[in-house]
Amino acid sequence: MRMPQITDVRAVKGDSAFLIDDGECAILYDTGFAFTGERVAQNVKKVLGDRPLDYIFLTHSHYDHAAGTPYVKRAFPNATVVAGAYAARIFEKPSAKALMRELDAKAAAKSGVFVYEDLIDRLFVERTVEDGDVIDVGKMRFEVLSLPGHTKCSVGYYCRELGLLLSSETLGVFNGKDDVVPSYLVGYEMSLFSIARIEALAPERILLPHLGLIEGETVRFYIKRAKERAVEVAETVKKMLLEGRKTEEIVSWFETTFWRGYVREIYPIDAMRLNTGITVRLLARELLGRE
C-alpha cells in the first residue's frame, strides 16, 4: 500500500491538525483550537478542493485538539467525527464545554484574537470507538488503541499495512530533535504501559500531535527517549518531594529542563506550569501515596 499524503493544516503551531489523504479518502487527525477552526477548515479545503473529507479522528478531549471540530464539520458536513467513548461522554458535559471555551479564549487572546464565532456547543462525536475497534477508510484500515496516561480518553489509530501510528500525547511531546517532554496528567503507570504498547508494535512512522510525521530511526529514538524521560522525571520528582521541595520548585525545575526550542513555540508557559503542577500531584499520589 502506498503512503498517503500527510499535510500540516494547522493555523498556528499550538494547533494539532493534520490531513491524511490517499487520493481517494481523507482523514483529519485532530482539529485544533476553536479560534483557529475556521482557518483549519479552509486549509483542508485548499488541499482537497472539491473532494470530501471522510473522517475526523480525535485523539482526546482537550480543547487544542478537538475544539475546532464544529468548524470543520460545518465546512464538511458529511465527515464522520470519531473519538473514544470516554471522550464522547466528556463532550456531552456542559461543564467540560465551558472549560474548553474558557481555555480557548485565553489561547486566542495570546494570539491576538479577541472576537471569533463560538461553535463549541456543537461539538459532538458521531462514531464512538473502544480499544480494538477497526475503522476502514477506503483502502486504509486503522485499529483503535487505548493509550491512557495524558488523559483517560486518549486513543491512537494504527494502520498496520503502512506501519503508521496516529499517536496521542500520552507518549510525550517531542521537540523534533533530541528530547521528549513527559505528558502524563492522569496516570504514570498508565503512560508507561501505553509507551510499552507502542514500543511492542514497532511502528515505522508516527504522526505526532503538534509536530507532524516522524519515520525510521527517529521513531525508534522517540519511543526510547519517551520511556527514559517518563521514568527520569518520575524519579526526580519523587526525590524532590522526599527532600521536602515545594511544588513551585519542582515546576521551576521542569520548566528549566524542558521549555526550550520547539517546545517553547508550541507549549504556552502558563499551560506547562499548570500541567506540571498536575503531574507533581499525580506522582505524589501514585509513587508516595500522598493525597
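This is a predicted model: local features need pLDDT of at least 70, side-chain atom pairs count only at pLDDT 80 or more; totals for chains, interfaces and linings use all residues.
Contact here means heavy atoms within 4.5 Å of each other.

**Two crossing helices.** By that cut-off, Val233, Ala234, Val237, Lys238, Leu241 and Leu242 in H7 meet Val280, Leu283, Ala284, Leu287 and Leu288 in H10. Sorted by type, the residues of this contact come out as 10 nonpolar, no polar and one charged. Helix H7 covers residues 217-242, and its axis lies 10 Å from that of H10, at an angle of about 85 degrees. Angles of 65 to 115 degrees count as roughly perpendicular, so that's what H7 is to H10.

**The sheet.** Six strands make an open, mixed sheet, ordered S1-S2-S3-S4-S5-S6. S1 (5-8) and S6 (127-129) sit at the edges with a single partner strand each, so one side of each has no neighbour in the sheet. From one strand to the next, the twist averages 25 degrees. S1 runs antiparallel to S2 (residues 18-21), joined by four bridges, and Asp8 stands opposite Phe18 in S2. Helix H1 (residues 37-48) lies across S1, S2 and S3 (26-29), at about 25 degrees to S2.

**The largest pocket.** There's about 1200 Å³ of space in here. Of its 42 lining residues, His62, Tyr63, Asp64, Leu103 and Asn275 are the closest to the centre. The lining splits into 23 nonpolar, nine polar and 10 charged residues. H5 gives the largest share, seven residues. These helices each supply at least two lining residues:

| Helix | Residues |
|---|---|
| H2 | 63-66 |
| H4 | 85-91 |
| H5 | 94-110 |
| H9 | 261-266 |
| H10 | 269-288 |

Key:
Residues are numbered from 1 along each chain as its sequence is written. Side-chain values use heavy atoms; hydrogens and water are left out. On a 1 Å grid over the protein atoms alone, a cavity is a set of points where a 1.4 Å probe fits but cannot get out, and a pocket is an open set with protein on both sides within 12 Å along at least five of seven lines; lining residues have an atom within 4 Å of a point. Grid points are joined across faces, edges and corners, and a volume is the space filled by probe spheres set on the points. Ala, Val, Leu, Ile, Met, Phe, Trp, Tyr, Cys and Pro count as nonpolar, Asp, Glu, Lys and Arg as charged, and the others, Gly among them, as polar. Axes are lines fitted to C-alpha atoms, for helices over the stretch in contact, and angles run from 0 to 180 degrees between N-to-C directions. Angles under 35 degrees count as roughly parallel, over 145 as roughly antiparallel, 65 to 115 as roughly perpendicular and the rest as oblique. Two strands pair if DSSP finds at least two bridges between them.
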